[in-house]
Amino acid sequence: MSEKFYITTPIYYPSDKLHIGHAYATVNTDAIARFNRLLGKDVWFLTGADEHGQKIQRKAEEKGVTPQEYVDEVVAGIQELWKLMNISNDDFIRTTQKRHSDAVMKIFKQLYDKGDIYKDEYEGLYCTPCESFWLERQLKDGCCPDCGRKVEKAKEESYFLRTSKYADRLIKYIEEHPDFIEPASRAKEMMTNFLKPGLEDLCISRTSFYWGIPVDFDPNHVIYVWLDALSNYITALGYGSDDDSMYQKLWPADLHVVGKEIIRFHTIYWPIILMALDLPMPKKIFGHGWLTIDGGKMSKSKGNVVDPKLLVDRYGVDAIRYFLLREVQFGGDGEFTNEALLNRINFDLANDLGNLVSRTASMIEKYFDGIIPSMGEKTDFDQELEESFSQLKVDVTKLMDKYKINEALTEIFRVISVCNKYIDLTEPWVLAKDKSKKNILGNVMYHLAESLRIISIYLTPFLPDTAVEIRRQLGIGEEMNMFADVDFGKEIMGAKVTKGEALFPRIDIPKELEDLEKLKPASAQKKEEEPKTVNRESKPEITIDDFAKLDLRLGKVLECVPVEKSDKLYKLQVKIGSETRQVVSGIKKFLSPDDIIGKTVVVVYNLKPVKLRGEMSCGMILAASNDDDTSLSLITTDREMEDGLGVR
């Protein structure tokens, strides 16, 4: 019996304007699910739509339709986007489905009968867009700390979940299971900001609107969206129904993937609900960052959304999947730019992968009538090529187990580079001129075809259509397409190669950027045409000798935690080559730990150590800020580089 693997994404709030940021998390989760299928696991991948709440009711009223009509239309758009992005989910749960609502009513009654739910009056602060209740001390400049919008005062009769009853138990569980919440910065944030200061009981019903699952024994109340939405992970498996066989088979979940803006609900309230129900905890909750644009989260209200359908229509789904998977470290924030996307397509996909497939297929057609030859007389370069694959399975598996998806792709493309180098070193076009070297030439062609066969397997979780097309061009079909088949030396000789069109046609980047600029809304173009002029007073000139005194090096941020009793300082652990240094930096009001961890930054290495708020700081990280000190950006590299390198 194969090992089970139950993986979920958060069920998405129905938005009538879907953007590439929505696809970011689901594409990464899909790659994890596909990878585990490749390992031979029995994978169940769940996604869906969170369709209840006050904000849905208000949007429907604005449009003059019923809430159900509104969500039906918008959810169809979510499902269409998942199909467009080649998402391989096994189920799509809607919180308006009867299978869900019936089970949620049972869960509510079960908790009520146990004494973990009680009725009282709620008076406090509420963020409607986030469906979140907040204490005054948790607000940021008087606004919701998650979305920055204004909160509303709310007062109404409500049912409450006794979350405070389980707070100490949850703290103990998190401390005893350090891998329960990842990245580690998210666990520290939850402990520091929510659990350790004291957890308030959670309001779990509302009477001021009607769009939600009713409390069956008190129909004036509808169940608060987070008890409703979070329960989807078990209701989708049949929990609370007449047939809970899927629940018995798959729970606990192996991995919940959630956005950092809802990490609190998944790492505090969801575990407490499960504790109260006497159910097992999920094995891991992974909080990813945002795909940002113009320095901020993509938002319809900001007018900075990027249409994924437009991108897929222009460049193909696998090109967009590749960018989302490779460009950003899953767990932190990453910036979307047209330049970065086009560079990834041209240099990684067209130059490296596409060129390798095209050259190999063309040479086999030209020199061997399209038939893959047998392994023949070896060259001096075969061993390096074969050895590049020998460690790849171990390296990629380790990285994927840690959800370092972009690094796993880096390893795969490193081997693709070795294959291209192999062509340059063996010079098949020279071998072809000497009939006595036909056997050596055949050996080279076999090695290239076999390399591509293995590469196609490794690419399956990330670029599924491309992987299939590579095997189609090689004429080897799907019979060898599992991790059990990635050893070098399979019998593929005799297969008929059929060269196809370029997998990823090269793009004229300057022209394409101009064309993309024309597709922007007029308001966005005007905004960019009128940049703010920054006039900064110059400092005294320095000589090259003055500059030479600075020792600037690249460092990778491993950890970021707030300095106690400081609203400005973070304490960073920064890896600089073979050592890890502590650096204290006054960037807390601009960036969250998730924005910083994993980034490669520029460090003033030879700055004299100093103690700040009782913490020793050995260096300084460089950043840029605007004149009114309202925004800040770390100085980072434009591509992946090794920490410890000098900056000059």
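1. Gly555 lies in strand β16, where strands (E, at least two residues) and helices (H or I, at least four) are DSSP runs numbered from the N terminus. The model is a predicted one, in which local features need pLDDT of at least 70 and side-chain atom pairs count only at pLDDT 80 or more, while totals for chains, interfaces and linings use all residues. Residues are numbered from 1 along each chain as its sequence is written, and side-chain values use heavy atoms, with hydrogens and water left out.

2. At 0% relative accessibility, Gly555 counts as buried, the term meaning under 20% relative accessible area, with exposed meaning over 50% and partly exposed in between (1.4 Å probe, protein chains only). Leaving aside neighbours within four places in sequence, the contacts of Gly555 (heavy atoms within 4.5 Å) are Val574, Lys575, Ile576, Lys599, Thr600, Val601, Val603 and Asp643. From Gly555 to Val604 the C-alpha to C-alpha distance is 9.8 Å, although 49 residues separate them in sequence.

3. Strand β16 (residues 552-562) runs antiparallel to β19 and is joined to it by five bridges; two strands are taken to pair if DSSP finds at least two bridges between them. Within this pairing, Val601 of β19 is the bridge partner of Gly555. Strand β19 also runs antiparallel to β22 (residues 620-621), to which two bridges join it, and here Val603 stands opposite Ile621.

4. Strand β19 (residues 600-604) is largely enclosed by the rest of the structure, because five of its five residues are buried. In a regular strand the side chains alternate between the two faces of the sheet. Both faces of β19 are covered, with Thr600, Val602 and Val604 buried on one side and Val601 and Val603 buried on the other.

5. Five bridges join β2 to the parallel strand β1 (residues 4-8), and Phe5 has Val43 of β2 as its bridge partner. Strand β3 (residues 91-94) pairs with β2 in the parallel sense as well, over four bridges, and Thr47 stands opposite Phe92 of β3.

6. An open sheet of four strands has the order β5-β4-β6-β8, with antiparallel pairing; its edge strands, β5 (132-134) and β8 (202-203), each pair on one side only. Three bridges link β4 (residues 117-127) with β5 in the antiparallel sense, and Cys127 has Ser132 of β5 as its bridge partner. Helix α10 (residues 263-276) lies across β5, β6 (152-161) and β8, running at about 95° to β5, where axes are lines fitted to C-alpha atoms, for helices over the stretch in contact, and angles run from 0 to 180 degrees between N-to-C directions.

7. Helix α2 (residues 54-63) has Gln54, Lys55, Ile56, Gln57 and Ala60 as its buried residues, and these pack against α3 (67-84), β4 and β9 (205-206). The helix is followed by Gly64, which has a positive phi near 75°.

8. Ile544 lies in helix α22 (residues 544-548) and counts as exposed because its relative accessible area is 66%.
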